[in-house]
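Visitor: Could you take me through this structure? I would like to start with the terms and then go on to the details.

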Amino acid sequence: MRIATWNVNSVTARLPRLLSWLGTAQPDVVCLQELKCATEAFPAEVAQAGYEVAAYGTGRWNGVAILSRVGLADVRRGLDGEPAFDGASEPRAIGATCGGVRLWSVYVPNGREPSHPHYAYKLRWLEALRATVAAEAAADRPFAVLGDFNIAPADDDVWDITLFDGMTHVTEAERAALAALREAGLSDVVPRALKYDTPYTYWDYRQLAFPKNNGMRIDLVYGSAKFTGAVSDAYVDREARKGKGTSDHAPVVVDLTV
């Protein structure tokens, strides 16, 4: 089975790139983030390409989905005890079982800056994710949480840690939240890079960040022992970040035998 996660930064704007990539990479399951479209507006062309779709979006911002050509069951939208921001719930998590593998596609809040209310919301949201993961991971089946975590697990996961002093994505509290996921029974599936020696997954559109490889590894795959034990390969599809009209994230692809 080939499973991927990709923050597409608008599924409508990125539809031609997405459809082309589905045809080339041939993933069995894809977890998408940052749809920027309502559930009912998810492009029908994806289903026409042979994928069942479970989407969760409200419109302009956020939004997550799971695409599958190996079955799609037990769909669940939202986390246990998920907090709201400014009085509104945001579509940031969706779960489904695909070909016997339980998966969650997540789009963790950015946090903006440590002094901002969005940062406190991010930490509360991550605690809700931990609670959901703890319940899901207890089942006897391959299980993984994939998506844009907006956290770099270690200093080596950003191109220059000295530029991140006092900023989100690298703070102790955010990394402690990742440690809590690991303590709940999950492990980080670290992909290989197709170029350079760092498997970055995100490069800003500005300041030639991509050609300079000024990137970050913030799109993560956290899997249970039954999931990680079945992994035969994992890589960042850097080719999908090249050219015009692309997302600022690249897909992370995981191959496993289940």
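Guide: Helices (H or I, at least four residues) and strands (E, at least two) are DSSP runs, numbered from the N terminus. Residues are numbered from 1 along each chain as its sequence is written. This is a predicted model, in which local features need pLDDT of at least 70, side-chain atom pairs count only at pLDDT 80 or more, and totals for chains, interfaces and linings use all residues, while side-chain values use heavy atoms, with hydrogens and water left out.

Visitor: Where does asparagine 213 lie?

Guide: Asparagine 213 is in the loop between α5 (209-212) and β12 (215-216). Its phi is positive, about 60°, although asparagine 213 is not a glycine.

Visitor: Is asparagine 213 buried or exposed?

Guide: Asparagine 213 is buried, at a relative accessible area of 10%; buried means under 20%, exposed over 50% and partly exposed in between, with a 1.4 Å probe and protein chains only.

Visitor: And what is phi of histidine 169?

Guide: Phi of histidine 169 is near 85°, again a positive value in a residue other than glycine. Histidine 169 belongs to the loop between β8 (143-148) and α4, and is buried, with a relative accessible area of 9%.

Visitor: Changing topic: at what angle do the axes of α3 and α4 cross?

Guide: The axes of α3 (residues 117-137) and α4 (residues 172-183) cross at roughly 5° and come within 9 Å. That makes α3 roughly parallel to α4; angles under 35 degrees count as roughly parallel, over 145 as roughly antiparallel, 65 to 115 as roughly perpendicular and the rest as oblique. Axes are lines fitted to C-alpha atoms, for helices over the stretch in contact, and angles run from 0 to 180 degrees between N-to-C directions.

Visitor: Which residues of α3 and α4 meet?

Guide: From α3, Tyr119, Lys122, Leu123, Leu126, Leu129, Arg130 and Val133 meet Ala173, Glu174, Ala177, Ala180 and Leu181 of α4. Contact means heavy atoms within 4.5 Å.

Visitor: What about the open sheet: in which order do its seven strands come?

Guide: The order is β3-β4-β2-β1-β15-β14-β10, with mixed pairing; two strands pair if DSSP finds at least two bridges between them. The edge strands, β3 (52-56) and β10 (192-193), each pair on one side only.

Visitor: How many bridges join β1 to β15?

Guide: Four bridges join β1 (residues 2-7) to β15 (residues 252-256), and the two strands run antiparallel. Alanine 4 has valine 253 in β15 as its bridge partner. Helix α1 (residues 15-25) packs on this sheet, touching β1, β2 (29-33) and β15, and its direction makes about 160° with that of β1.
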